[in-house]
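Hi everyone, and thanks for coming.

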Amino acid sequence: MAAIEEQVETISAAFSGMLLRPDDDGYEEARQVHNGLIDKRPALVARCRGTADIVDAIRLARESSLEISIRGGGHNVGGLAVTEGGLMVDLAEMKGIHVDPEARTVRAQGGVTWAELNRETQLHGLAVTGGQISTTGIAGFTLGGGLGYLMGLHGLVIDNLLSVELVTAHGQVLDVDEESHPDLFWALRGGGGNFGVAASFEYRLHPLSEVTGGIVAYPIDQAGEVMRFYRDFTQDAPDALTMHVVLAHAPDGSGVKLTGFAICHAGTVEEAERDLAPMRAFKEPMVDMLGRIPYSAVNAMLDQGYPRGALGYWKSSFLSQLSDGLIEEVIARFASTPSIMNAILIEQYHGAATRVPTEATAVANREPGYNLLLPTTWLNPADTEANIAWTRETFDALKPWFREGRWLNYLSDDDGDDATRAAYGPNYTRLVEIKRRYDPENVFHLNQNIDPGA
């Protein structure tokens, strides 16, 4: 520890952020991430204010032989943002956002959340594919690929990424784009946090202020009908409409089970009315919150179900289709869920996001279909064992209907190397080659790791 203290003293004078030790004020808050199940204690938290702080933090960690973790928004369910006994590079206070309304671009630092980014871009009637929970950080979300409500119309967030300011394992600051570092830019679009610390991102924006969006819900005993309608309805869904089906509990804490749709139509009022007419005619809903709302409100409509500090354990996998057998098993498994915060969510994966070639970005999953997510959430630590067991058992019961491929940002910390390779798919070999060039010692390994020695 003496050597670490010397290094801390050396860089403290120039460091514009804070270097927090376990006994310092602010340390406990800084080490906590969104998932209350994660309880790790770094030896040092480098709460950075700018790119130079990131460079100093990496140098300090390497000279002191400390493991490095990177925290952007801190939303990753596996808790990979926190190291036990190492140095956390904390970007939480790096909140700079600059919108260029004429060029329709935005540059945002790595600690920004989607709520914060949307607030600035919506001032100009502009938007980009963002997280489905607004408290999610832009950094991890983007590096993992970035699926959201606008993916049918505008693709994944990485399909709208223009450049990244990246600090490498050697402390170099690179402005990475298609022309300057084409291989690295390819890898950053879906390769996770394997290649460095992303200090800022530049995105292409699209004109969009309001959407037709919200929740439409039905009694749980109609779940079979609702899911079969959803299966048929989404086969020919237009790009402007992204619609998920969910089995969940009423948000009032009553524990009442519901089934329904989370909807975002990014077209005109007339287009939305036309495209959603079959759903309107399908069945009288129990809850109807569908209307014309700001795009930023759609990004926040599920926030209440995932409060900061709640305990979480997630599993997910892709589906090619929603067979009757799968629907029956999903309904049966949801009936036994142990937490009134739990849900089973099936996300539509379609449109522009699926018309990008597999080899164009590091994200390999470009085939139309669905992603099934078990976002298990609970509040009482005494319920941890039951909820994790239910999630694993449900995931195993649904495996016969899974197709190849996993979504990187939904992986839990115990999913293992096979799941990581499944997320990278046929692009894994190229990712290994790029990892060897930019991080041959695997300095950045607290992530869905690409082993340079593979």
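Let me start with a question: leaving aside its neighbours within four places in sequence, which residues is Leu156 in contact with? Before I answer, a word on what you are looking at. This is a predicted model, where local features need pLDDT of at least 70 and side-chain atom pairs count only at pLDDT 80 or more, while totals for chains, interfaces and linings use all residues. Residues are numbered from 1 along each chain as its sequence is written, and side-chain values use heavy atoms, with hydrogens and water left out.

Now, back to Leu156. Contact here means heavy atoms within 4.5 Å. Leu156 is in contact with Thr129, Gly145, Gly146, Leu147, Met151, Tyr349, Ala353, Val363, Arg366 and Trp407. Leu156 also belongs to the largest nonpolar core, which has 59 residues; there, Leu117, Leu156, Leu184, Phe201 and Tyr203 touch the most other members. A separate second core has 31 residues, including Tyr230, Met279, Val330 and Phe334. By nonpolar core I mean a set of buried Ala, Val, Leu, Ile, Met, Phe, Trp, Tyr and Cys residues joined through side-chain atoms within 4.5 Å. Buried means under 20% relative accessible area, exposed means over 50%, and partly exposed is in between (1.4 Å probe, protein chains only).

Phe201 takes us to a sheet. Phe201 lies in strand 10, opposite Ala108. Strand 10 (residues 197-204) and strand 6 (residues 105-109) run antiparallel, joined by 5 bridges. Two strands pair if DSSP finds at least two bridges between them. The open sheet has 5 strands in the order 5-6-10-8-9, with antiparallel pairing. Its edges are strand 5 (97-100) and strand 9 (173-177), each pairing on one side only. From one strand to the next, the twist averages 15°. Helix 3 (residues 51-63) packs on this sheet, touching strands 8, 9 and 10, and its direction makes about 45° with that of strand 8. For these angles, axes are lines fitted to C-alpha atoms, for helices over the stretch in contact, and angles run from 0 to 180 degrees between N-to-C directions.

Next, please find strand 2 (residues 44-47). Are its faces covered or open? Both are covered: Leu44 and Ala46 are buried on one side, Val45 and Arg47 on the other. Strand 2 pairs antiparallel with strand 1 (residues 18-20) over 3 bridges, and runs parallel to strand 4 (residues 87-90), with 4 bridges. Val45 stands opposite Leu20 and has Met88 as its bridge partner in strand 4.

Finally, helix 13 (residues 416-424). Its buried residues are Ala419, Thr420, Ala423 and Tyr424. Asp417 and Asp418 are exposed on the face turned away from the buried side. Just after helix 13, Gly425 takes a positive phi of about 55°.

Methods: Helix = DSSP H or I, 4+ residues; strand = E, 2+ residues; numbered from the N terminus.
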